[in-house]
Amino acid sequence: MIGVGIIGLATALRLLEEGATVTLLDRHNAGCEASWAGGGILSPLYPWNYPESVTRLTAFSTAYYPAWITELHAATGIDPEYQVCGLVILPPYDQSKAIYWCHTHSTALTHELYSHHRGLIPIHTTSESKESQTLFLPEVAQVRNPRLLQALYQHIGQLGGNIIEGCEVRKIDISNQKIDALQTAYKKFSAGQYILSAGAWSKQILGEHALQLDIKPICGQMLLYKLPEKPLDSIVLQQDLYLIPRQDGHLLVGSTIEDTGFDKQITPDAKDKLSSWAESILPQLKIISPREHWSGLRPASPANLPVIGRHPYLENLYINSGHFRYGVTMAPGSAEILINEILKRPQPFDVTPYQQGWLHSQCN
């Protein structure tokens, strides 16, 4: 398997549970890219703005989380801090679209005043008009993704998986429409089946065999604050920016969306943008400096639609990549879909949309 982010780890775990022998290769350290850098919100930010194929996969995947986290915690002693905390959406938002989507998808939704959320103040008005209300999705959960990655890494080792870090794939040896081996600076690796889960680097690794695969890096920058106590009860979202409160008083602020290729340099402009917005929501942040500022490269794909399935021509190559902002959200569900594909088992729903990315763009 090429790539040891959240998607690769989740897929490897399922393969090991099925009795497979699994070796994972990563160019750097396991989970050190987008999987670590993200916030761990287990939902599309505005689900009504996405194609049904995206929200179907996120719903399928997040249903696995409670049992998945319980099993990982029990096996490793590492608590990924899964919690159902709800998502507060501040204006501006498309109220009618949100209400219709939530109704048709049996998703809980309420309107609440800003003051109903501890530490949150109104931005636009103190009146009780629609403009001063939030939308609240009480069923949205979060997970502390660095700890989830640690738990997956440890459990894969417990089950006999072999993770080799600092091992960049430099060439893929192919003959008769099959992969024969992966060439690295370390050694050649051969297997019966190969899985590509290299995120933003997936297209680059495949080279000419990527066909029309449309996955590219999109940089996202985030800030981390530490407060004496948890400043919010729920995740707060406004347009593309969000606050994620952790149980120990840490607060994540994210995130930018920057098409800068493989350049993930942090910038003062991004820091100012994120901190200014966060301070407008929580004024106490004005007297606190961010503890950390980092970035990650998301594997962007058209319409946030990942590619999951077998290569059209290389019969022993599979891909699980292109999850853009929702790799953590989609990880257990995407792994299950790929395992079903490999083992020729029935799928829970039509997975054709996740198998078309090899051949043509699906931009909306």
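## Burial and surface

In this predicted model, 55% of the 364 residues of the protein count as buried. The accessible surface amounts to about 15,600 Å², and carbon and sulfur atoms account for 49% of that area.

The protein carries 28 positive and 34 negative charges. The mean position of the positive charges and that of the negative charges lie 3 Å apart.

## Overall architecture

The protein contains nine helices and 18 strands. Its radius of gyration is 21 Å, close to the 21 Å that the globule rule gives for 364 residues, so the protein is as compact as a globular protein of that length.

## A three-stranded open sheet

Strands β8, β9 and β10 form an open sheet in the order β8-β9-β10, and their pairing is antiparallel.

Strand β9 comprises residues 178–184 and pairs with β10 in the antiparallel sense over two bridges. In one of the bridges, Gln 183 has Lys 188 of β10 as its partner. The loop between β8 and β9 holds Gln 177, a residue that is not a glycine and yet has a positive phi of about 60°.

## Cis peptide bonds

Pro 91 and Pro 92 are joined by a cis peptide bond, with omega at about 5°. Pro 92 is placed in the loop between β3 (87–89) and α5 (95–104).

A cis peptide bond also leads from Gly 254 to Ser 255, where omega is near -20°. Ser 255 is situated in the loop between β15 (250–254) and α8 (268–281).

## Positive phi at Ala 303

Ala 303 is a residue other than glycine with a positive phi, near 60°. Its place is in the loop between β16 (292–300) and β17 (307–310).

Is Ala 303 buried, partly exposed or exposed? The relative accessibility of Ala 303 is 24%. Buried means under 20% and exposed means over 50%, with partly exposed in between; Ala 303 therefore counts as partly exposed.

Terms used: Residues numbered from 1 in each chain as written. Predicted model: local features only at pLDDT ≥ 70, side-chain atom pairs only at ≥ 80, totals over all residues. Heavy atoms only, no water. Helix = DSSP H or I, 4+ residues; strand = E, 2+ residues; numbered from the N terminus. Rg over C-alpha atoms; globule rule 2.2 N^0.38 Å. Buried < 20%, exposed > 50% of the residue type's maximum accessible area, 1.4 Å probe, protein only. Areas by Shrake-Rupley, 256 points an atom, 1.4 Å probe, with all protein chains shown as cover. Lys, Arg positive; Asp, Glu negative; His and termini not counted. Charge placed at Lys NZ, Arg CZ, Asp CG, Glu CD. Pairing = 2+ DSSP bridges.
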